[in-house]
Amino acid sequence: MSASSIGLGENDDVSGAAMRQALGRAADGEALDQAEATILLHASGDDLGLLLGLAARTRDAGLRAAGRPGVITYSKKVFIPLTRLCRDRCGYCTFATVPGRLESLYLSPDEVLEIARPGAALGCKEALFTLGDRPEARWKQAREWLDARGYDDTLSYVRAMAVLVLEETGLLPHLNPGVMSSEDFQRLKPVAPSMGMMLETTAERLFTEKGAPHFGSPDKDPKVRLRVLEDAGRAEVPFTTGILIGLGETRAERADAIFALQRVSRRYNGIQEVIVQNFRAKPDTKMRDTPDAELADLAATIAVTRLVLGPGARIQAPPNLVGDQYQLILDAGIDDWGGVSPLTPDHVNPERPWPQIDELAKVTANAGFTLRERLTIYPPYQRQPWLDPRVAAHVAALADPDGSGLADESAIPQSRPRPQAAAEILVSGDRSPSRLS
């Protein structure tokens, strides 16, 4: 069915008849096409209420099928910002900076453990590694720092620090180092149960046009990022991804990104979680005067994502970016709040503090759900070939004995050696002679 045949005009306007038809097909359980999804992304008022109801119904069916009816999950984590250097120049980012503004270009091993150990003591299970994309490709200072310590590239250092955290604290690394190759997935999989990278958008013009949010950022080419999602699926790496709304994309472009995720998920089954995140303007960025994405728009996008990806998808929205509108976001069909830290700030959105976990549990309960802690790797992936045997014992030590695959909320991570294959050092990309290789 074409966009024009269901009332989608050249100016992205939607007729009432087209909205009713799209809602009717969704209510009948019919698979939406991209044009219908685009129409539903325009829902407001009573139409939005109907859309959210359909998405919530789909989510609830998926939770029952997964054996956890009425359960909304989250991951208790620490945030490890390994380096704030990046080769990209995104118009909305305050995380990335320049070498002259940093006391140290990368966190040292001791600094990494100074974050991880208190997190483990608080019962966190996840160590979220975040960093800029291949900073050594832009900054000679980064290249010199890595060379002086015997690392071939930033990802080699990421790998070493993941091993350090895994063995010394028992926290499970979740790696977000940006664009990765097939070879990168092979060398990182033995040290991290899960990895991630946001797709953000498939709108090429936001990458190619001068002044656009992703102009001058080689790693934000949508084709490159889609290739990463495919390579993660081929490498059987449990992968978290998602979209960022409000960058200036049209609703048709937003629907295109959702369907791109659907295609990758269906082909490789490796997308363990989809984040639907709303843009929030930040001072001292090129996009500081860009309006924030409306929360009603976020809710409609979550709901359409739920309907397109289906009841089995795990869909989250970051709770620190939704103000007090928890009920609205739950109504839209999420089943997960993502990573929440009792210790470290959201270094990507430092102006938006995490909610207290007790408060998150309360607002979730007020909406009729139970909040449960999960691990960084989702239950269906806690087996071979998705979970590498060299980290399986670390995952099992933190999993609930009830067999759900969720977290044992009483468990405190403990140091634990990681079995190493004899040939592993050959693919590590790390020239240092220490045991971290």
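Buried means under 20% relative accessible area, exposed means over 50%, and partly exposed lies in between, with a 1.4 Å probe and protein chains only. This is a predicted model, in which local features need pLDDT of at least 70, side-chain atom pairs count only at pLDDT 80 or more, and totals for chains, interfaces and linings use all residues. Residues are numbered from 1 along each chain as its sequence is written, and side-chain values use heavy atoms, with hydrogens and water left out.

**Whole chain**

Along the principal axes, the C-alpha atoms fill a box of roughly 70 × 55 × 35 Å.

Switch to a surface. The protein exposes about 17,300 Å², of which carbon and sulfur atoms supply 50%; the areas come from the Shrake-Rupley method with a 1.4 Å probe, and for residues only the protein chains shown count as cover. Of the 437 residues, 59% count as buried.

**Strand β5**

Select residues 239-245, which form strand β5; seven of its seven residues are buried. In a regular strand the side chains alternate between the two faces of the sheet. On one side of β5 are Phe-239, Thr-241, Ile-243 and Ile-245, on the other Thr-240, Gly-242 and Leu-244, and all are buried.

Strands pair if DSSP finds at least two bridges between them. Strand β4 (residues 194-196) runs parallel to β5 and is joined to it by two bridges; Gly-196 has Thr-240 of β5 as its bridge partner. Strand β6 (residues 271-278) also runs parallel to β5, with seven bridges between them. Here Ile-243 stands opposite Val-276 in β6.

Step back to Glu-236, in the loop between α9 (222-234) and β5. Its phi is near 55°, a positive value in a residue other than glycine. At 31% relative accessibility, Glu-236 counts as partly exposed.

**Two more backbone stops**

Most residues other than glycine have a negative phi, and most peptide bonds are trans. Go to Arg-134, in the loop between β2 (126-131) and α5 (140-148). The phi of Arg-134 is positive, near 35°. Arg-134 has 22% relative accessibility and therefore counts as partly exposed.

Then select Gln-384 and Pro-385: the peptide bond from the former to the latter is cis, with omega near 5°. Pro-385 is found in the loop between β9 (370-374) and α14 (389-398).

**Helix α4**

Select residues 109-121, helix α4, and pick out Glu-114 within it. Glu-114 is exposed because its relative accessibility is 58%. For a distance check, draw a line from Glu-114 to Leu-172: 58 residues apart in sequence, they are 16 Å apart in space, C-alpha to C-alpha.

Definitions and conventions:
Helix = DSSP H or I, 4+ residues; strand = E, 2+ residues; numbered from the N terminus.
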